[in-house]
Structure formats: C-alpha cells, structure tokens
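Visitor: I would like to learn how to read helix packing. Could you walk me through it with an example?

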Amino acid sequence: MIAICRHDFQRFFRSPLGYVYLGVFAVIANLVYFAYCVLSSSSDLSSPFSFLLTVLLFMTPILTMRLLSEEYRQGTDRLLLTAPVRIWEIVLGKFFAALGAIVCCLLITVPWLIILICAGTPAWPTIIGCYIAILCASMVFLAIGLFLSSVTESQLIAAVLSFAVFLGLYLVDALSAAASGTLASILSWFSIFTRYDTFMSAQFSFSNVVYFLSLTVLFLFFTARVLERRRQ
C-alpha cells in the first residue's frame with residue numbers, strides 16, 4: 001500500500017497538472033481569504049473554508065479522474081492486479097495518495113494562521129473544526145471520485161460522472177434548505193454540506209464523523225469490488 005501511495009503521490013507532482021492544480025487552488029484560496037478576512041478585518045475562517053468546499057467540489061474530479069482510469073488506458077492495471085498485493089492495499093494506496101495531494105493544498109492556508117496569531121487571539125475551536133470538516137468532506141469526495149474512476153477507462157467520463165454526483169450532493173443541500181417538515185429533516189440528514197457547517201461552527205459531533213467515515217468506507221468498498229471483478 002505504501003509503495004502504491006508513494007508512486008501515485010510522486011506521479012501527481014511529476015506532471016504539470018499537479019503544479020497547475022496547486023497553483024489554481026492557491027490563487028483561489030488566497031483571494032477568498034483576502035475578500036472574507038483581510039478586507040473586513042475578520043478572524044473568522046468559517047466563510048473562507050465554506051467557499052473552499054465548493055472549490056474542492058469542482059477540483060476533486062480533476063484529481064481523481066486519472067487514479068484508475070489512466071491505469072486502465074495504459075494497461076498497467078494488469079500489473080497492479082497480478083502483483084502480490086491485496087485489493088484493499090491498491091484502493092487505500094490510491095486513496096491516500098490523493099488525500100496527500102489535498103493536504104498539500106490545505107498547507108497553503110497555514111500562512112492564514114500565522115497572520116491570525118500575529119493579529120490577535122484566533123478562535124482555535126472554530127479553526128480546528130474548519131480543518132476537520134474539510135478533511136472529512138474531502139475524504140468523501142475522493143472516495144466517490146476513486147470509485148467512478150474505477151468503472152471507466154475514460155478520464156473525461158470519470159470526471160464528468162464525479163461532477164454530476166457532486167452536483168447532486170449540492171442539490172440535496174439546496175433542497176433541504178427549501179423544503180420543510182419531515183422532508184427537510186431527511187434531506188438535511190443526508191446533506192454533506194449541513195454536517196460540514198456544523199463542524200465550522202465549532203460544534204463537534206461524533207455522529208457527523210461517523211457519517212463522513214461511513215460514506216468514505218462505503219465507496220472505497222465499491223471500488224474494491226470493481227477491482228476484484230477485474231482481477232477474476
């Protein structure tokens with residue numbers, strides 16, 4: 001698993017796409033921070049992180065589309081599937097490589113914390129909640145994207161399918177806000193964004209963590225099943 005993770009993580013930075021990905025994220029993230037915090041002299045990071053989730057909603061498919069689709073296209077999936085490694089090691093290696101790329105993106109926000117420390121007393125519960133929330137949501141997005149990358153040889157199709165699913169998740173959140181009564185409660189329970197906002201308001205909920213981890217494991221399981229069928 002570690003070898004697969006290291007190989008995919010290094011491959012991300014060996015291609016121009018990796019640096020373009022980080023560059024685009026850095027530009028957008030810092031513009032958002034400047035608009036929400038610097039111009040308004042605010043130390044609240046919940047608004048920038050709320051916007052960053054939307055950014056990742058659109059950028060994650062670009063990161064995950066090639067994880068397995070490219071292996072299929074190049075024929076290197078045969079080497080993976082016949083290697084003396086378990087399916088779960090392949091899946092987790094790919095997943096943690098992509099998660100490592102997301103962590104690199106989030107490291108771009110570290111200067112924000114330095115600025116807040118120099119400017120005054122940061123609201124650490126909210127800040128910690130923001131980072132936990134975006135990591136949990138990113139894990140779900142990556143697991144979904146990895147699964148969709150496992151079902152097609154086309155990177156473009158994998159990206160489009162991921163965009164469609166993420167848009168559906170976004171619409172669930174919008175419908176939960178527009179609905180009322182029992183329907184609103186049901187949609188709100190399924191909404192990733194509602195649970196994400198709970199973290200950013202410094203309200204730690206164990207059930208939300210379980211929800212994010214369960215979705216992540218579920219789609220990683222689906223990916224493993226797809227690879228098992230291809231190995232047969």
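Guide: Gladly. Two packed helices are described by the angle between their axes and the distance between the axes. Here, helix α3 (residues 46–64) packs against helix α8 (residues 124–150) at an angle of about 20 degrees, with the axes 9 Å apart. That makes α3 roughly parallel to α8; angles under 35 degrees count as roughly parallel, over 145 as roughly antiparallel, 65 to 115 as roughly perpendicular and the rest as oblique. Axes are lines fitted to C-alpha atoms, for helices over the stretch in contact, and angles run from 0 to 180 degrees between N-to-C directions. Helices (H or I, at least four residues) are DSSP runs, numbered from the N terminus.

This is a predicted model, in which local features need pLDDT of at least 70 and side-chain atom pairs count only at pLDDT 80 or more, while totals for chains, interfaces and linings use all residues. Residues are numbered from 1 along each chain as its sequence is written, and side-chain values use heavy atoms, with hydrogens and water left out.

Visitor: Which residues of α3 and α8 make the contact?

Guide: Contact means heavy atoms within 4.5 Å. Among the residues involved are Phe49, Leu53 and Leu56 of α3 and Tyr131, Ile134 and Phe141 of α8. The contact of α3 with α8 divides into 13 nonpolar, 6 polar and no charged residues (Ala, Val, Leu, Ile, Met, Phe, Trp, Tyr, Cys and Pro count as nonpolar, Asp, Glu, Lys and Arg as charged, and the others, Gly among them, as polar).

Visitor: Where does α3 bend?

Guide: At Phe58, by about 35 degrees, and a proline, Pro61, follows within four residues. The bend is the angle between axes fitted to the seven residues ending there and the seven starting there.

Visitor: At what angle do α8 and helix α12 cross?

Guide: Roughly 15 degrees, and the axes of α8 and α12 (residues 206–231) come within 8 Å. That makes α8 roughly parallel to α12. Ala143 and Phe147 are among the α8 residues that meet α12, whose side includes Phe219 and Leu220.

Technical notes. Helix = DSSP H or I, 4+ residues; strand = E, 2+ residues; numbered from the N terminus.
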